[in-house]
There are 6 protein chains.
Amino acid sequence: MYRPTSGLDSPRFVGIRTFMRLPLITDVSGCDAFIVGIPFDTGASYRVGSRFAPEAIRSISAMIRAYHPFHKFDIFDRINVADVGDLAVVPGYAESSLNRITQQLLDLLEQSQGGVPIALGGDHTIVLPELRAQVAYRKQPIAVVHFDSHSDTWDEYWGEKYTHGTMYRRAVEEGLIDTAHSIQVGLHGSAYDDNDWAQSRTLGFATLTLRESLDVGIPATVARIRERVGDAPVYLSLDIDVVDPAYAPGTGTPEVGGYTTIQMQDTLRALGGLNYVGFDLVEVLPQYDGPGQITSLLAANLCWEFLALTALRPS
Amino acid sequence: MYRPTSGLDSPRFVGIRTFMRLPLITDVSGCDAFIVGIPFDTGASYRVGSRFAPEAIRSISAMIRAYHPFHKFDIFDRINVADVGDLAVVPGYAESSLNRITQQLLDLLEQSQGGVPIALGGDHTIVLPELRAQVAYRKQPIAVVHFDSHSDTWDEYWGEKYTHGTMYRRAVEEGLIDTAHSIQVGLHGSAYDDNDWAQSRTLGFATLTLRESLDVGIPATVARIRERVGDAPVYLSLDIDVVDPAYAPGTGTPEVGGYTTIQMQDTLRALGGLNYVGFDLVEVLPQYDGPGQITSLLAANLCWEFLALTALRPS
Amino acid sequence: MYRPTSGLDSPRFVGIRTFMRLPLITDVSGCDAFIVGIPFDTGASYRVGSRFAPEAIRSISAMIRAYHPFHKFDIFDRINVADVGDLAVVPGYAESSLNRITQQLLDLLEQSQGGVPIALGGDHTIVLPELRAQVAYRKQPIAVVHFDSHSDTWDEYWGEKYTHGTMYRRAVEEGLIDTAHSIQVGLHGSAYDDNDWAQSRTLGFATLTLRESLDVGIPATVARIRERVGDAPVYLSLDIDVVDPAYAPGTGTPEVGGYTTIQMQDTLRALGGLNYVGFDLVEVLPQYDGPGQITSLLAANLCWEFLALTALRPS
Amino acid sequence: MYRPTSGLDSPRFVGIRTFMRLPLITDVSGCDAFIVGIPFDTGASYRVGSRFAPEAIRSISAMIRAYHPFHKFDIFDRINVADVGDLAVVPGYAESSLNRITQQLLDLLEQSQGGVPIALGGDHTIVLPELRAQVAYRKQPIAVVHFDSHSDTWDEYWGEKYTHGTMYRRAVEEGLIDTAHSIQVGLHGSAYDDNDWAQSRTLGFATLTLRESLDVGIPATVARIRERVGDAPVYLSLDIDVVDPAYAPGTGTPEVGGYTTIQMQDTLRALGGLNYVGFDLVEVLPQYDGPGQITSLLAANLCWEFLALTALRPS
Amino acid sequence: MYRPTSGLDSPRFVGIRTFMRLPLITDVSGCDAFIVGIPFDTGASYRVGSRFAPEAIRSISAMIRAYHPFHKFDIFDRINVADVGDLAVVPGYAESSLNRITQQLLDLLEQSQGGVPIALGGDHTIVLPELRAQVAYRKQPIAVVHFDSHSDTWDEYWGEKYTHGTMYRRAVEEGLIDTAHSIQVGLHGSAYDDNDWAQSRTLGFATLTLRESLDVGIPATVARIRERVGDAPVYLSLDIDVVDPAYAPGTGTPEVGGYTTIQMQDTLRALGGLNYVGFDLVEVLPQYDGPGQITSLLAANLCWEFLALTALRPS
Amino acid sequence: MYRPTSGLDSPRFVGIRTFMRLPLITDVSGCDAFIVGIPFDTGASYRVGSRFAPEAIRSISAMIRAYHPFHKFDIFDRINVADVGDLAVVPGYAESSLNRITQQLLDLLEQSQGGVPIALGGDHTIVLPELRAQVAYRKQPIAVVHFDSHSDTWDEYWGEKYTHGTMYRRAVEEGLIDTAHSIQVGLHGSAYDDNDWAQSRTLGFATLTLRESLDVGIPATVARIRERVGDAPVYLSLDIDVVDPAYAPGTGTPEVGGYTTIQMQDTLRALGGLNYVGFDLVEVLPQYDGPGQITSLLAANLCWEFLALTALRPS
């Protein structure tokens with residue numbers, strides 16, 4: 001079993017920056033999960049720069065410790081995890097990059113026999129090759145729990161099909177998503193028109209806007225998600241812009257008025273026991289994050305929550 | 001009807017930065033509302049630099065879309081709005097600047113026959129010439145809804161009468177404010193003495209401190225404002241420092257412990273139907289806002305809420 | 001009675017930066033309390049730089065006014081306070097520094113006959129010499145109310161005994177703390193193992209984790225603290241990382257998901273009447289705080305709350 | 001004749017940010033030159049974000065005045081210039097963007113009958129569509145004076161042909177460049193292999209490395225350029241990374257050890273009288289530029305030098 | 001004799017920030033020179049915020065040591081210097097502030113019997129009250145050595161007479177300057193028209209533009225200044241924007257292409273023996289200076305050079 | 001032979017950040033040189049934070065390519081180099097850390113049979129354990145070429161012996177340095193007294209101040225160094241503060257007026273052929289470096305120059 005270097009063993013600022021100072025490996029055989037950076041940001045429509053997010057998240061993840069006080073276990077006693085570094089992408093070439101990402105991820109899924117990727121984006125476009133790889137490996141559509149302020153189900157931008165605002169529609173069109181067990185949570189912000197969120201429902205997703213979620217509260221939000229997903233194999237994709245800019249300023253298309261960090265933590269901590277096949281954390285832009293790097297810190301912590309959720313999968 | 005350039009028509013980072021990429025006009029005839037920058041910051045008593053706020057707010061306003069999901073309408077289907085650029089001011093000369101602002105605004109009010117200015121400050125001193133212009137145009141005092149952590153009703157600073165902490169007293173002295181229908185909301189922070197907030201009541205304002213507002217909750221806060229204002233013509237002035245510094249760090253005299261963004265949004269969204277004659281958003285200092293520019297983003301969104309409130313005025 | 005220079009007497013950016021522009025003194029005779037900087041940060045295990053925090057907190061404290069609207073008194077009408085500058089420390093030498101701090105503080109306690117130090121850290125290690133000085137002066141162990149996301153009761157780091165993560169254990173070992181009347185509040189974040197917080201209880205502290213505190217609410221949190229402390233002489237130590245990084249990004253070992261500013265203010269405002277002997281505010285790192293310096297601003301405000309609590313001590 | 005708004009007419013922070021506060025126009029008929037933003041940065045191989053450079057350069061260009069003390073004329077007395085805003089690009093799609101840029105520029109060239117574009121990049125990829133448009137308009141290859149630390153003549157990156165490191169090779173392959181009259185100046189930094197600069201010569205460019213240029217001095221550098229270009233129609237392309245990072249930190253692939261600002265100014269001021277057909281200033285990344293925005297300031301000033309060179313063209 | 005606290009006596013980050021940690025005094029009797037902050041920035045025409053420059057310069061001045069290796073003496077062995085804090089100003093009111101500054105400075109000149117003020121601006125407007133005080137004290141016009149990229153001799157801005165671009169003309173009009181022995185050095189940047197620098201000569205100043213200065217070299221520049229000044233009582237005023245933005249990014253109206261730090265040091269070090277009556281260092285804006293605060297560091301060092309020049313006055 | 005991952009093989013922002021994306025190894029057998037981080041900053045007397053420098057330098061070193069155009073070779077064709085990560089240090093405990101560093105380095109020297117360490121500091125204190133390890137391995141004193149603005153030969157600070165300002169004296173006292181072949185280059189800045197630089201000569205070092213170096217020029221500076229060192233085994237230690245703050249703002253005790261980057265490059269490039277046994281690059285503080293991270297970029301490039309010098313050692 002791999003373990004991160006503890007802050008009690010050496011100061012947390014010592015050493016090459018892998019996630020939580022886990023071992024850097026190239027062979028994921030035997031891994032229950034693996035950290036993988038996908039520094040692709042060519043799909044970004046406004047601010048750009050999440051290509052540096054895997055570095056930033058790994059850097060500050062050195063602060064995180066192995067034991068989870070809420071779940072009351074040491075994550076690395078339960079699952080075997082390491083860091084495989086970054087996938088090769090081609091900046092400026094969306095479609096070529098998506099193909100490369102898909103193939104590399106599929107190789108990792110096969111090598112690990114279904115190990116759970118914890119993907120550090122990159123912009124949200126990467127969910128498309130992630131799902132392509134999952135479906136190629138599992139031979140079935142995957143349910144998606146999608147936390148985001150945006151639905152990302154537009155058809156195209158400026159005549160082009162592959163951007164960080166359109167890939168959920170592409171994924172549905174490609175038959176990758178088990179929409180009947182999928183849900184988009186946290187939608188908020190201004191809209192192009194009255195169809196922005198409706199189009200997700202047309203595609204088959206359930207939706208729970210931020211306003212709806214806050215009105216019913218976090219426990220009911222969680223219940224709604226659990227009910228929707230059931231025991232389907234499920235992919236959890238979290239766009240950091242679902243969190244309020246006060247808590248996550250370092251992102252590309254921030255929308256004022258999102259979740260607090262504690263609401264986000266409470267949500268994820270109550271989502272144990274689902275049949276997770278993969279996770280991603282996308283749209284962190286370190287250049288816009290300020291010297292405290294609180295967005296990267298939050299992202300690293302949410303990935304740590306993902307690891308706990310992996311440890312809590314039904315056996 | 002003017003419309004902003006949509007992010008679906010061209011990427012939001014393309015083009016000259018007017019508010020929401022609305023047309024830049026010089027003739028406001030036929031406008032229901034108009035965006036106007038008032039880059040005056042000579043009245044600032046501590047940090048200074050809001051002269052660059054109109055630029056910063058316009059810049060990031062490119063991220064905002066036309067459709068308002070809460071109110072369920074496209075703002076620009078309902079009201080005709082454009083951007084008139086900035087008013088000329090004279091940095092370092094308060095009184096001269098105030099006169100120039102008054103005259104320029106009055107010209108715009110007359111040309112538009114009472115179009116609603118959405119003013120991008122500038123420091124809070126600008127509320128004085130804004131009210132002077134309104135009263136000159138409307139020939140009657142105006143009710144004011146004033147969101148701020150400070151009452152801004154001191155008599156003078158260091159022997160001088162025109163600063164961003166004294167202009168509400170000046171406005172009352174000049175008979176510009178219908179105080180019986182006016183209210184100051186969100187007062188908090190340390191005070192010079194026990195008179196800081198009492199002096200506003202002496203001048204005739206109702207007050208609702210942040211603590212009182214949080215204790216009764218947002219719906220009761222809104223009810224208190226609506227009750228106070230009634231159907232008087234009303235000017236809404238929002239000093240961004242009424243919002244907590246976590247959500248709005250880029251301001252000149254921040255006070256810890258303000259509203260959250262969601263509280264602010266909920267308040268404004270519930271204030272539809274009043275007889276608004278003007279709005280301002282003041283005291284944004286981009287230099288103190290960090291690379292994510294979340295204060296400017298919030299300010300731009302609150303101006304968008306002002307536009308929605310304009311669209312909801314009684315006909 | 002000393003008084004700060006008021007912002008009505010000269011602009012708040014004028015003058016040498018003492019705390020709230022209080023007089024800079026070297027003789028604390030007759031002082032009820034005194035501001036003292038302790039720029040020691042050699043105990044920091046991750047980010048470092050709180051040696052510049054006393055300067056940053058003093059700088060922005062110029063914004064704070066003398067009258068406390070919640071308590072409804074002018075602090076400086078009630079207690080005599082001034083700023084004594086910084087204690088000399090030896091960067092890079094923990095044990096030597098601790099001895100110097102202890103002696104300098106003891107001198108100040110003796111000169112002021114038990115005047116209350118409001119200490120501006122520095123890293124949290126300084127609580128050890130602060131308690132040593134208090135106990136040397138008072139000849140009895142002191143109760144501690146400790147707000148922090150970390151328990152700081154580990155035994156050692158990398159074979160060394162004196163760091164910002166171990167000093168509470170040292171203090172207990174040295175018999176400085178009346179643990180039966182002491183409590184740690186706000187613990188949260190990832191942990192090394194299941195003993196991180198338990199070890200504090202083993203040492204005799206009561207603990208109230210952030211999650212427990214939020215579950216019962218602020219009033220019950222306050223009641224728990226008051227009940228625990230009783231009328232023991234008590235030292236209040238506040239590590240700014242107990243506050244959420246959105247509100248306090250400028251700190252050395254931030255943990256996502258802490259108190260809001262308003263929760264922190266509400267807690268302190270309800271803790272009047274205890275028998276305070278000293279306060280510290282530690283772990284502010286201005287380098288990580290962004291241009292708005294909201295962490296320093298919060299820290300300065302919390303020190304102002306400490307002054308109010310000093311004014312509210314039982315006579 | 002269009003003129004910029006003078007800082008004597010209104011404070012330079014007043015007004016919508018066009019270049020030097022020139023009029024914003026859509027019809028370039030009668031213009032000798034025009035400012036045009038090309039916010040394309042999809043070709044960037046390392047840091048990314050020059051999509052925001054046109055905004056940043058325009059913003060700070062408000063500081064520049066009309067009279068050129070070296071050349072001793074008011075630029076706008078000699079040439080008719082305005083700002084046409086930005087060209088529409090498609091982020092994430094290089095080839096589609098290049099086609100759009102070419103067509104839009106060609107339209108402007110035709111409308112202005114050969115008006116000189118002063119292009120604000122964007123990454124350096126944009127030189128390709130700029131040259132395509134020039135050649136389409138002029139029906140002949142164009143000489144290029146290329147200031148850069150990189151030769152940008154690699155064949156491909158990761159299997160792709162259109163990036164900011166390959167476009168000069170593409171341009172030569174497409175027959176757009178009159179290489180016999182073209183020169184690359186300022187090459188420096190580490191290299192992939194001994195072919196990095198040699199490949200430019202193989203393609204037909206003359207080269208003058210930074211070291212060679214500094215060894216012979218600025219006057220001889222200028223002489224070499226003038227000799228090479230002769231009276232050919234010439235395009236001047238300036239990658240800001242040819243300037244030392246101390247003077248231009250805000251760029252995507254900085255190389256330590258470039259020209260100083262004064263060397264750059266002296267070079268451009270001595271290059272009057274050539275037959276310029278276009279200019280670009282590329283690779284400014286405001287996100288990496290620090291609060292003083294000195295890179296954008298330098299870029300704006302260099303564009304002002306370009307305007308002076310336009311005014312000095314042989315009639 | 002006052003002395004700064006040495007970095008060998010306590011770490012340089014310890015203590016209240018006076019200049020070089022000199023004593024803070026209110027009575028300047030017996031002082032040869034005194035440090036005085038003049039945080040007035042209401043005269044600024046573009047960026048604003050030098051009100052915080054005295055604080056920033058004092059803060060980083062803690063790094064400077066007492067012994068001057070070029071002049072080979074300990075400054076504080078030769079002259080008696082302390083820090084008097086800041087003069088009270090009235091932000092937003094230029095003329096009122098100028099009167100207050102004049103009177104306060106005159107009091108200090110009288111109390112110290114002609115002690116040399118080392119003034120930390122503030123914007124350049126402060127040179128006017130500084131000269132008023134000097135002339136009131138000395139009953140004769142004063143020669144001025146003025147390092148600046150701008151001549152600051154415009155007549156008015158937007159109808160107003162007292163700004164940081166007009167005060168040298170005011171000073172000449174008021175008969176404060178012995179122009180026959182005065183010189184402006186370092187003029188550069190774009191100009192309003194061909195009169196920008198000529199108007200200074202019309203007023204009687206000699207001028208040496210940056211280009212002229214660099215062409216003749218630093219020794220000849222110094223010779224020209226010395227020749228011009230002769231043995232007249234002389235005031236040296238240094239606008240930090242005469243230095244290149246790479247070396248001094250934190251200023252309000254930067255002009256690319258100024259002196260390097262070493263050129264500036266060499267110039268000042270060669271200017272010993274003149275009959276200095278006062279100095280100022282103006283136009284530092286810490287908000288625009290980046291985390292390294294190199295502009296403030298340079299400013300502090302140049303003030304230290306001023307102290308050495310004071311020590312070198314003819315007896 | 002190890003090789004870095006080329007930017008032509010994958011984008012330079014892809015992958016875990018080792019130096020130049022070299023392999024991360026634990027066994028240095030067969031290495032001619034190795035990169036090693038020594039994140040120790042407890043010896044810093046003013047600003048602190050170089051514990052994060054190895055990470056920052058490695059991060060941006062991804063931009064550097066393998067071929068050196070001045071020396072005209074691919075470094076990795078000539079020497080076998082990899083990255084061994086960081087040495088474990090104990091923050092807050094100087095003497096314990098120094099012992100650990102010495103032992104770890106000695107192990108690496110033995111394992112590699114005298115492979116050349118390229119050490120990424122950390123503060124300058126680390127030169128002491130580096131020399132201890134070298135002397136323990138080589139059984140003879142080592143010549144030192146020391147580029148720095150400070151001599152670092154003070155006896156103690158505040159009663160303590162091991163700081164970044166005293167370690168060269170310690171090294172001499174311990175007999176580690178062959179002072180007869182050692183030289184300190186670039187000394188400048190203010191001094192404590194006339195002994196600051198003389199004390200180095202008393203200890204046996206030759207000195208060449210910055211002023212002396214600039215007066216004679218770079219070639220003569222190099223000649224002086226070469227003459228002094230001869231063919232002694234030599235350690236080159238470069239404190240980044242020898243470079244001007246415009247080029248290297250991110251450092252702990254900056255002194256205005258240092259070398260330019262080009263002067264530094266020219267110096268190192270002319271120093272080939274010496275018998276180097278080790279190198280360090282110290283005192284980079286990323287927190288003070290601005291978003292462009294130009295100090296880290298320069299540091300990475302200078303380490304690349306060190307690698308070239310290693311390749312040029314006499315065989």
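E:Asp86 pairs up with C:Arg17 in a salt bridge, with the closest N and O atoms 4.0 Å apart (a salt bridge here is a side-chain nitrogen of Lys or Arg within 4 Å of a carboxyl oxygen of Asp or Glu). Bear in mind that this is a predicted model, where local features need pLDDT of at least 70, side-chain atom pairs count only at pLDDT 80 or more, and totals for chains, interfaces and linings use all residues. Residues are numbered from 1 along each chain as its sequence is written, chains are lettered from A in the order in which they are written, and side-chain values use heavy atoms, with hydrogens and water left out.

**Chain E against chain C**

- The rule finds 4 salt bridges across this interface.
- There are also 6 residue pairs in polar contact, both at pLDDT 80 or more (a pair of N or O atoms within 3.5 Å; within protein, one must be able to donate a hydrogen and the other to accept it, and residues adjacent in sequence count only if both atoms are side-chain atoms).
- On chain E's side, helix H1 (53–61) and strand S4 (81–86) each supply at least two residues (helices, H or I, have at least four residues and strands, E, at least two, as DSSP runs numbered from the N terminus).
- Each chain puts 21 residues into the contact, meaning heavy atoms within 4.5 Å.
- About 1,700 Å² is buried between the two chains, 70% of it on carbon and sulfur atoms (buried area is the accessible area, with a 1.4 Å probe, that two parts lose on being put together, summed over both).
- E:Phe13, E:Ile16 and E:Glu55 supply 39% of what chain E buries here, more than any other three residues.

**Chain C against chain A**

- Here 34 residues of chain C meet 32 residues of chain A.
- The buried area is about 2,600 Å², and carbon and sulfur atoms give 63% of that.
- C:Tyr46, C:Tyr192 and C:Val256 supply 29% of chain C's buried area against chain A, more than any other three residues.
- The rule finds 2 salt bridges across this interface, and C:Glu255 forms one with A:Arg65, the closest N and O atoms being 3.0 Å apart.
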